[in-house]
Amino acid sequence: MTISPSIRGRYALVTGGSRSIGLAAAECLAAAGCNVILASRNQAACRKAAGRIEEACGVRALGARCDVTDRAAVHALFKKLAQDGPALTAL
């Protein structure tokens, strides 16, 4: 898989990022130099996966709890990112 070098140093939010397809997507983005924010219902699993990605790829990786079926939780995550977090390039 080829990812544009323009993603290097940018930030992507990956839902379902603690396992399976979401984790694989986050790992591919990180391998291309993209910083990632992993979001899932299990914050501990997100943080653990983020730590492994940081160590393996040398990018910034963060874990955040967010149940995407809960509209208020999604709104709260984006509000927090808008206030404190980096600007997102990709979802």
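Predicted model: local features only at pLDDT ≥ 70, side-chain atom pairs only at ≥ 80, totals over all residues.
Local features are described where pLDDT is at least 70, side-chain atom pairs count only at pLDDT 80 or more, and totals for chains, interfaces and linings use all residues. Numbering starts from 1 along each chain as its sequence is written, and side-chain values use heavy atoms, with hydrogens and water left out.

Let's start with the helix pair. Two packed helices are described by the angle between their axes and the distance between the axes. Here the axes of helix 1 (residues 20-31) and helix 2 (residues 43-57) come within 10 Å and cross at roughly 25°. The axes are lines fitted to C-alpha atoms, for helices over the stretch in contact, and the angles run from 0 to 180 degrees between N-to-C directions. Helices (H or I, at least four residues) and strands (E, at least two) are DSSP runs, numbered from the N terminus. Helix 1 and helix 2 are therefore roughly parallel to each other; angles under 35 degrees count as roughly parallel, over 145 as roughly antiparallel, 65 to 115 as roughly perpendicular and the rest as oblique.

Which residues do the touching? On the helix 1 side they are Leu-23, Ala-26, Glu-27, Ala-30 and Ala-31, and on the helix 2 side Ala-49, Arg-52, Ile-53 and Cys-57. Contact means heavy atoms within 4.5 Å. Sorted by class, that helix 1 to helix 2 contact has seven nonpolar, no polar and two charged residues. For the classes, Ala, Val, Leu, Ile, Met, Phe, Trp, Tyr, Cys and Pro count as nonpolar, Asp, Glu, Lys and Arg as charged, and the others, Gly among them, as polar.

Now for the cores. The largest nonpolar core has 17 residues, and those with the most contacts inside it are Ala-26, Leu-29, Val-36, Leu-38 and Ile-53. Strand 1 (11-15), helix 1, strand 2 (35-40) and helix 2 each supply at least two residues of this core. A nonpolar core is a set of buried Ala, Val, Leu, Ile, Met, Phe, Trp, Tyr and Cys residues joined through side-chain atoms within 4.5 Å. Buried means under 20% relative accessible area, exposed over 50%, and partly exposed in between (1.4 Å probe, protein chains only). Look at Ala-26: not counting residues up to four places away in sequence, Ala-26 touches Val-14, Val-36, Leu-38 and Ile-53.

Leaving aside neighbours within four places in sequence, Leu-77 is in contact with Leu-13, Ala-39, Ala-64 and Cys-66. Ala-76, by contrast, is partly exposed, with a relative accessible area of 42%.

Ser-20, in helix 1, has a positive phi of about 55° although it is not a glycine, and Ser-20 is exposed at 55% relative accessible area. Cys-28, also in helix 1, is partly exposed at 36%; from Cys-28 to Cys-57 is 9.7 Å, C-alpha to C-alpha. Gly-58, in the loop between helix 2 and strand 3 (61-65), is exposed at 65%.
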